[in-house]
Amino acid sequence: SDYPEKKTLLFDIPKWCIQCKRFIHRELVSPNGFLCVKCYERLPKFSDSQCLKCGGYHDPVNCNEEWSQNISDLSAIFPYENPLQNWISSFKYSRNIRLGRMLRNFVTDWFKSNPGKTKNIDWIVPVPIHYTALRKRGFNQTSFLIAKQKELKEKGSLLIKNKKTEQLAGKNKAERKGVLKGVFSLKRDVIGKKILLFDDVCTTGQTLSEISRMLKKAGASRVDCLVLCRSLNFC
């Protein structure tokens, strides 16, 4: 389980870099805190301007991605590459909470650095997981990752995943779309609300597509999306 938050040097500045395993001297602490400066600077970055609707590399005016048509704006913090890919997997499936805290810092920093993206948003909504996965894992990684942001009111109970889905890895866009159809449902009214939907990873976009379609159909006036990582393999 997660440790209590403590305002001490021991907890604010980990002694060892998560990536290279070397001792982090005070002058080599990165903005994230869990990485040394060198490992922090090696993190993957998006090299070109991205489409504001789907996160792909093309002219946003001519976005033809069907899955993103109900999304007004999509932001991604990192490309879905290593070491981020391994970190997310270890956090979600091996309960590596220290990695989860580091990833949460990236998300929290994004909110602090992008006030223009959130100033007109009413709620932030984490993508839910099925209750059997929640019981097995012990936490919903999307809720965990946004827990420290202070800019938006979280509505973690707005959505429910009412069906357990099969593993999506290895499936193409059409297959994922079929698996996710009708999986999510709403627990309260969203008429006129501007919503920021958060997920840890976007690959084909079908999860965000299904939820954004449902939110707009229920009367949400705007749906934006934020993901920790965006895979460009399907763009």
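In the predicted model, residue I124 has E154 of strand β3 as its bridge partner. Strand β2, which spans residues 123-126, runs parallel to β3 and is joined to that strand by 2 bridges. These strands belong to an open sheet of 5 strands, arranged in the order β1-β7-β6-β2-β3 and paired in parallel. The edges of the sheet are formed by β1 (73-79) and β3 (153-154), each of which pairs on one side only. Helix α9, covering residues 206-217, packs on the sheet and touches β1, β6 (194-202) and β7 (222-230), while the direction of α9 makes about 165° with that of β6.

The structure holds 1 cavity of 30 Å³ or more, and about 30 Å³ of space lies in the largest cavity. The lining of the largest cavity consists of D73, S75, W110, K117, L196, D224, C225 and L226. The elements that give two or more residues to this lining are β1 and β7, and β7 gives the most, with 3 residues.

With regard to the cysteines, the structure holds 0 disulfides. The cysteine sulfur closest to that of C39 belongs to C36 and lies 3.7 Å away, which is too far for a bond, because a disulfide requires a pair of cysteine sulfur atoms within 2.5 Å. C39 is buried, with a relative accessible area of 8%, and C229 likewise counts as buried, at 0% relative accessibility, since the term applies to values under 20%.

Terms used:
Residues numbered from 1 in each chain as written. Predicted model: local features only at pLDDT ≥ 70, side-chain atom pairs only at ≥ 80, totals over all residues. Heavy atoms only, no water. Pairing = 2+ DSSP bridges. Helix = DSSP H or I, 4+ residues; strand = E, 2+ residues; numbered from the N terminus. Contact = heavy atoms within 4.5 Å. Axes fitted to C-alpha atoms, helices over the stretch in contact; angles between N-to-C directions. Buried < 20%, exposed > 50% of the residue type's maximum accessible area, 1.4 Å probe, protein only. 1 Å grid on protein atoms, 1.4 Å probe; cavity = no way out; pocket = protein on both sides within 12 Å on 5 of 7 lines; lining within 4 Å. Points joined across faces, edges and corners; volume = space filled by probe spheres on them.
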